[in-house]
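Here are my notes on this one, written as I went through it. Have the model open while you read.

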Amino acid sequence: MAHQGAAATHEESFTARVITVSDRSSRGERADTSGPALVAFLGEKGFAVEEQVVLVPDEHAEIVAALHAAVADNVALVVTTGGTGFSPRDITPEATCEVCERLTPGIPEAMRSASMLITPKACLSREVAGIAKRTLIINLPGSPKAAVENISAVIEPVFHGLEILRGVVSDG
């Protein structure tokens, strides 16, 4: 799998799944634009991304179920989009923490830091990232622009983390 950025080539393609957390999109009232933008970005970076985005409402049990399903399917990278703000219905980080066995705080710290160069409101994002078995889960904002900007800021280290998590390289 080849990816752009640091000159590195990977023989193995990692699987990825995109989960859009949105009440309105899950009810068909609004088109999901963030999910397809992330599918396109990850595909360009060499991930084997599922064609369909998983749409779930801002409901704790449904977010947790979608994350558990991805872990059970042994997906390498799961990115969520939506539900990371201050609205009372924004509970994606809490659901993610329930599924993850180990948090990876450096990933959201780096995303917020990079995003702060674009907008001071980036500090209001509550996204988290963590590991569940051999799956890395990363929360992203709900806007397509912000979601792609955030994952772009960490994609190179994420590849290395997945190589370690999946046993492609050692952590030495």
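1. A definition to start with: the radius of gyration here is taken over C-alpha atoms, and the globule rule is 2.2 Å times the number of residues to the power 0.38. Keep in mind that this is a predicted model. For 172 residues the rule puts a compact globule near 16 Å, and the protein comes in at 15 Å, so the two agree. The C-alpha trace spans about 40 × 35 × 30 Å along its principal axes.

2. On the overall make-up, I'd note six helices and nine strands. Among contacts between residues at least 6 apart in sequence, 75% join residues at least 24 apart. Of the 172 residues, 48% count as buried.

3. As for the surface, the accessible area is about 8,200 Å², and carbon and sulfur atoms account for 57% of that. There are 14 positive and 22 negative side chains, with the centres of the two sets 4 Å apart.

4. Is Thr 84 buried or exposed? With a relative accessible area of 5%, Thr 84 falls under the 20% cut-off and is therefore buried. Leaving aside neighbours within four places in sequence, Thr 84 contacts Asp 90 and Pro 93, then Leu 124, Ser 125, Arg 126 and Glu 127, and finally Asn 139, Leu 140 and Pro 141.

5. Two backbone spots to check by eye. Asn 74 isn't a glycine, yet its phi is positive, about 60°. Asn 74 belongs to the loop between helix 3 and strand 6, and a relative accessible area of 39% makes Asn 74 partly exposed.

6. The other spot is Lys 133, again not a glycine, with a positive phi of about 55°. Lys 133 lies in the loop between strand 8 and strand 9. Its relative accessibility is 58%, so Lys 133 counts as exposed.

How values were computed
Residues are numbered from 1 along each chain as its sequence is written. This is a predicted model: local features need pLDDT of at least 70, side-chain atom pairs count only at pLDDT 80 or more; totals for chains, interfaces and linings use all residues. Side-chain values use heavy atoms; hydrogens and water are left out. Helices (H or I, at least four residues) and strands (E, at least two) are DSSP runs, numbered from the N terminus. Buried means under 20% relative accessible area, exposed over 50%, partly exposed in between (1.4 Å probe, protein chains only). Contact means heavy atoms within 4.5 Å. Accessible areas come from the Shrake-Rupley method with a 1.4 Å probe; for residues, only the protein chains shown count as cover. Lys and Arg count as positive and Asp and Glu as negative; His and the chain ends are not counted. The place of a charge is taken as NZ of Lys, CZ of Arg, CG of Asp or CD of Glu.
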